[in-house]
Structures are given as C-alpha cells and as structure tokens.
Amino acid sequence: MCGPLRPDVVALDALAAEIVRLDALAQLPADATGTLREQGGFTRIWVDTLENLVGIVETLASAVFHAAVSNADQILNGKGAIFQRLEGTADLFVANGYPDLRQRLDLATWQRLLQTWATRHAFTHRDGVVDAKYLTAVPSSPAQLGQRLTVTEQQTRLAISNSRELCTAIATLISTP
C-alpha cells in the first residue's frame, strides 16, 4: 500500500502481531518452554504484551483525537500522558463532543480493560506488586495490598481481544461528530 496507513489499521496490525507472538510460543520445543516457564519468561512476555496494548491504544487515541479536534495540541497542553489512562481518554473525547467510549463497549469489557491497565501500571511501576492505586482501580480484585500479581496467557489473550474492541470504538470516533 502506498502512503501512510490509517491509525486504526496500524493499531489492528499491532494487535495481530501480539497474537502471532503468543502463538509462536506454542511452537517452541518442550524443553525450551520448561526453561522459559521456570525462569519467568512467559510471565514477562505476557506482561510485555499488556504494556504494548496500552501503547497501541494510546497511539491510536492520540492520532484520532488529533485528526478529530482542530485545536488538539492546545487542549492537550498540560494533560501529560492522558491517552495512557482509559477514563481520562474517555472523558477527553466526551468533553470535546464525541461519544463516550464507555458507552461504546459493554460494561464487562470496560471493567476488564480497566483491570488490564491497572495490571500494566502495577508491573511497569511496582514490578507487579499491588498497591492502593491498583485496588482503587480494580475494587473487585481479590488481590491484597503488597501481593504480587500474576498474569496468564488466557488473561493476556482476553486483554488483546478487549483492546481490539476498544480500538474499533476509538476508530469510529473519527467519523462521529
């Protein structure tokens, strides 16, 4: 294809690449998977995937906001990495006359996304250790303060699927006044 790709195409391609990466792990020989599992390699890959999902959504949301809002740079001035925060992203679009992303997804999907973002934050900033911020973001979590979170392949695949739904919802905002 000639020319730049649409931001939603880039995001969906990146999500597909995350699935391919997880699928490739299943092709490894048994002795390699045993070593990876024992040394925490799988967990690290799953956590890296969650971190990548946040980056994919952040990049897409920023591109869509800049395409949709003529004075985007002025509005975003001083807001920091707002597109890394789901609630902040949804609020920003609503404040600028666009539909609420929280209404574009079912409640269960939105809640799982909030948990994914909170898990990513815990791993990125606290090596997976639960803090008060995590418990506030995920009040239904059975995790205890100070406990280290676990991430599974199943959770990671569901997070990819939920992120795909979110990316599709964000992309539709371009054509929604």
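A: A residue is called buried when its relative accessible area is under 20%, exposed when it is over 50%, and partly exposed in between (1.4 Å probe, protein chains only). The model is predicted, so local features need pLDDT of at least 70 and side-chain atom pairs count only at pLDDT 80 or more, while totals for chains, interfaces and linings use all residues. Residues are numbered from 1 along each chain as its sequence is written, and side-chain values use heavy atoms, leaving out hydrogens and water.

Helices here are DSSP runs (H or I, at least four residues), numbered from the N terminus.

Apart from its neighbours within four places in sequence, Leu101 is in contact (heavy atoms within 4.5 Å) with Thr89, Ala90, Phe93, Trp110, Leu166, Ala169, Ile170 and Leu173.

Rings of Phe, Tyr and Trp (its six-membered ring) pair if their centres lie within 6.5 Å; planes under 30 degrees apart count as stacked, over 60 as edge-to-face and the rest as tilted. The structure holds 4 such pairs. Phe42 and Trp46 are stacked, because their ring centres lie 5.7 Å apart and their planes meet at 25°. These two residues of helix H3 are 4 residues apart, about one helical turn. Phe42 is buried at 7% relative accessible area, and Trp46 is buried at 9%. Phe65 and Phe93, by contrast, form an edge-to-face pair, with 5.4 Å between centres and 80° between planes. Because Phe65 lies in helix H3 and Phe93 in helix H5, this pair ties together parts that are 28 residues apart in sequence. Both Phe65 and Phe93 are buried. Ring pairs also link Phe65, Phe83, Phe93 and Tyr98 into a cluster.

Asn162 lies in helix H9 and is buried at 2% relative accessibility. Beyond residues up to four places away in sequence, Asn162 touches Thr109, Arg112 and Leu113.

The charged side chains complete the picture. A salt bridge (a side-chain nitrogen of Lys or Arg within 4 Å of a carboxyl oxygen of Asp or Glu) occurs 11 times in the whole structure. Arg6 and Asp8 form one of them, at 2.9 Å from N to O; Arg6 is exposed at 52%, whereas Asp8 is buried at 14%. Arg157 and Asp23 meet at 2.7 Å, N to O. That pair links Arg157 in helix H9 with Asp23 in helix H1, 134 residues apart. Arg157 is partly exposed at 29%, as is Asp23 at 36%. Arg102 and Asp91 also form a salt bridge, their closest N and O atoms being 2.7 Å apart. Since Arg102 lies in helix H6 (residues 101-104) and Asp91 in helix H5, the bridge ties together parts 11 residues apart in sequence.
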